[in-house]
Amino acid sequence: MTKTTETAPLYDRIADWFDAHRGRDLREEGYLAHADEAASVTDGENGTLLDLGCGAGEPVAAWFIQKGWRVAGVDLSSALLDKSRARFPAQEWLHADMRSIALNRQFDAVLAWDSFFHLTADDQRGMFGVFAAHLKPHGRLLFNTGTEAGTAYGQMDGHDFHHASLDVAEYRSLLAKHGFMIMLCDIANPHCGGRTVWLAEYAPGTAAQQI
Ligand SMILES: C[S@@+](CC[C@H](N)C(=O)[O-])C[C@H]1O[C@@H](n2cnc3c(N)ncnc32)[C@H](O)[C@@H]1O
């Protein structure tokens with residue numbers, strides 16, 4: 001059978017399996033805490049989070065909700081989104097494709113955690129404009145990638161899930177070009193499942209100096 005680059009229909013099929021197997025040990029917590037410190041959050045206000053590819057809402061969106069953030073979660077898998085909605089009915093859950101969203105509002109943090117890597121290389125390149133369009137100045141962007149340019153398929157519950165990555169230099173240049181100051185780039189962090197993690201602040205006007 002031909003392998004697909006579209007993962008959401010596969011997540012619909014394995015939603016219960018994925019939810020049961022999604023790690024809840026919060027090994028990503030240190031990174032979430034950096035996003036929680038976004039300088040755009042005004043004193044006394046709750047931060048606002050756009051969680052792209054939010055899945056079933058645990059443990060990532062849940063961590064922010066517990067800290068008082070207001071969350072808008074976006075996912076193309078309705079089965080996973082339904083789980084988020086059932087868990088946190090007071091938050092906003094949008095069945096949409098992260099590649100084409102245009103919400104016309106800006107958030108204190110944008111996350112694409114364990115989701116961005118499912119997009120094709122060209123779709124990843126196109127996401128930096130989407131990130132910028134949805135962040136307040138000094139808002140924070142957190143996402144994870146691979147380390148070298150290429151594609152790979154990984155199996156979950158008998159299905160082949162597409163993954164792609166650009167190389168680290170290209171991510172750096174895309175971030176700078178779109179107005180982001182890189183705050184942290186952890187390459188293949190063994191304490192976070194080998195993820196390469198990016199944290200950046202949206203700083204239009206100043207970020208180009210990095211290139
Ligand atoms: C590995 S899960 C991660 C879910 C969640 N972020 C987490 O950390 O548990 C990847 C998620 O990305 C979603 N996804 C993949 N492509 C997407 C797209 N183009 N737009 C929105 N969501 C997408 C999938 O449906 C799935 O819920």
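Helices and strands here are DSSP runs, numbered from the N terminus. A helix has at least four residues, and a strand has at least two. With those names we can find our way around. Keep in mind that this is a predicted model.

Now turn to the largest pocket. It holds about 620 Å³ of space. Its lining is made up of 38 residues, and those closest to the centre of the pocket are Tyr11, Gly53, Asp114, Ser115 and His118. Which elements give two or more residues to this lining? They are helix H1 (8-13), helix H2 (15-21), helix H4 (60-66) and strand E2 (70-75). H2 gives the most, with 3 residues. By kind, the lining divides into 18 nonpolar, 11 polar and 9 charged residues.

Where does the ligand sit? It sits in this largest pocket. Around the ligand are 21 residues, and Arg22, Gly53, Asp75, Asp97 and Trp113 come nearest. This shell divides into 10 nonpolar, 6 polar and 5 charged residues.

Look next at single atoms. An N or O atom in the side chain of Arg22 is 2.6 Å from an oxygen atom of the ligand. Gly53 uses its backbone instead: one of its polar backbone atoms is 2.7 Å from a nitrogen atom of the ligand. Leu76 also takes part through its backbone, with an N or O atom 3.4 Å from a ligand nitrogen. A polar contact is a pair of N or O atoms within 3.5 Å, so the Leu76 pair falls inside the cut-off.

How much of the ligand does the protein bury? Taken alone, the ligand exposes 590 Å², and the protein buries 97% of that.

Conventions
Residues are numbered from 1 along each chain as its sequence is written. This is a predicted model: local features need pLDDT of at least 70, side-chain atom pairs count only at pLDDT 80 or more; totals for chains, interfaces and linings use all residues. Side-chain values use heavy atoms; hydrogens and water are left out. A residue is near a molecule or strand if one of its heavy atoms lies within 4 Å of it. A polar contact is a pair of N or O atoms within 3.5 Å; within protein, one must be able to donate a hydrogen and the other to accept it, and residues adjacent in sequence count only if both atoms are side-chain atoms. Accessible areas come from the Shrake-Rupley method with a 1.4 Å probe; for residues, only the protein chains shown count as cover. On a 1 Å grid over the protein atoms alone, a cavity is a set of points where a 1.4 Å probe fits but cannot get out, and a pocket is an open set with protein on both sides within 12 Å along at least five of seven lines; lining residues have an atom within 4 Å of a point. A molecule sits in a cavity or pocket if more than half of its atoms lie within 2 Å of its grid points. Ala, Val, Leu, Ile, Met, Phe, Trp, Tyr, Cys and Pro count as nonpolar, Asp, Glu, Lys and Arg as charged, and the others, Gly among them, as polar. Grid points are joined across faces, edges and corners, and a volume is the space filled by probe spheres set on the points.
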